[in-house]
Amino acid sequence: MADLDGNKIEHNYHLEKAFACNGNFHVKGAANLDWGMKKHLSNIFSPKTGNTVMFAFDHGYFMGSVSGLERLDLLMPGLIDHIDVLMATRGALRTCVKPNFRKGVALRVSSGSSMIQEDLSEEVIAVDVEDAIRLGADALAVQVFIGAKGQLASIDNLSKVINAAYRYSIPVLGVVAVGKDMERTDKYFKLATRIIAELGANIVKTYYCDKFDEVVAACPVPIVMAGGKKLPEKEALELAFNAIAGGARGVDMGRNIFQTAHPAAMADAIGKIVHRKYTAKEAYEYYCEAIK
Ligand code: R5P
């Protein structure tokens, strides 16, 4: 392990230069992966735009029936055509989502906490890779708690899932967790995203922050922005726009879609930013028109 005291302080992220190892594949850091990995990644990131709109509705794994997700069986049929990837638990998929869709699946495979606990950082691997294969998962999602009590356990979870997933050519999505006391700064996100990528994850989900473009540049796999708490629609679209402008290859939004009065229109508006280069203003105008 390097001597921390000897670290040079200034960084150069070469923001003006594109990622240099993409080869002829559209997903960052995936040029040297095999056919099966690339197929799964193409189910997540559009080969046309390189980007993705994920819909996160896995909240129930530690929050129970969150407002807006009380009846997944009623929500999903109207929404599924408006997103690219379902980020979900296996319980939600098997019980409430008909399997006749052509979308990607990011399957949550770590869990172990509930919102009535003070510390949420200690998780286990809850889903075998074989069950993920049975579900046709295109990515396995693991929560990672850098700097928290559960850091070691979560890095162990991530590493075990990556080792299993590589045996079957399934990508892994590392999710940067932020606890109540954890900072949401570029310094923290640069640390967490890079650790997750270096451990072998193929996609990293993290929150937006100042200097987000530097977080993206320093991470050798695609970053998908996590949505976070419900914002007014205009602000949520600005957040999505800023993330894509900063180099994110997609957004994974939950509450900012399912807690709006018009989830499908909101997902469409986000898709205009992610895939069609709409500005936040254009996307908001599109949303307002769509809900008239
Ligand atoms: C992440 O830890 C959760 O499992 C959700 O996937 C995530 O919080 C995204 O949902 P939201 O946009 O509501 O924060």
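**Strand pairing, aromatic contacts and ligand surroundings**

Strands β2 and β3 (residues 104–108) pair in the parallel sense over 4 bridges; two strands pair if DSSP finds at least two bridges between them. The model is predicted: local features need pLDDT of at least 70, side-chain atom pairs count only at pLDDT 80 or more, and totals for chains, interfaces and linings use all residues. Residues are numbered from 1 along each chain as its sequence is written, and side-chain values use heavy atoms, with hydrogens and water left out.

**Strands around β2**

- The bridge partner of Val-85 in β3 is Gly-104.
- From β2 the chain passes through helix α4 (residues 90–96) to β3, a β-α-β crossover that is right-handed (with the strands pointing away from the viewer, the path from the first strand over the helix to the second runs clockwise).
- Helices (H or I, at least four residues) and strands (E, at least two) are DSSP runs, numbered from the N terminus.
- Strand β1 (residues 52–56) runs parallel to β2 and is joined to it by 3 bridges.
- Ala-56 stands opposite Met-87 in β2.
- In β2 (residues 85–88), Val-85 and Met-87 point one way, Leu-86 and Ala-88 point the other way, and all are buried (under 20% relative accessible area, with exposed over 50% and partly exposed in between; 1.4 Å probe, protein chains only).

**Aromatic rings and charges**

- The whole structure holds 8 aromatic pairs (rings of Phe, Tyr and Trp, the last by its six-membered ring, with centres within 6.5 Å; planes under 30 degrees apart count as stacked, over 60 as edge-to-face and the rest as tilted).
- Phe-189 and Tyr-207 form a tilted pair, 6.4 Å centre to centre with 35 degrees between the planes.
- Phe-189 lies in helix α7 (residues 186–198) and Tyr-207 in the loop between β8 (203–206) and α8 (212–217), so the pair ties together parts 18 residues apart in sequence.
- Phe-189 counts as buried at 0% relative accessibility, and Tyr-207 counts as buried at 18%.
- The charged end of Arg-184 sits over the ring of Tyr-207, 4.7 Å from its centre (NZ of Lys or CZ of Arg within 6 Å of the ring centre and within 35 degrees of the ring normal).
- Phe-55, Phe-57 and Phe-258 form one aromatic cluster.

**Ligand**

- The ligand is surrounded by 13 residues, of which Asp-58, His-59, Lys-205, Gly-254 and Arg-255 are the closest (a heavy atom within 4 Å).
- A polar side-chain atom of His-59 lies 2.7 Å from an oxygen atom of the ligand.
- An N or O atom in the side chain of Gln-143 is 2.9 Å from a ligand oxygen atom.
- A polar backbone atom of Gly-228 is 3.0 Å from an oxygen atom of the ligand.

Conventions. Polar contact = N/O pair within 3.5 Å; in protein donor to acceptor, adjacent residues only side chain to side chain.
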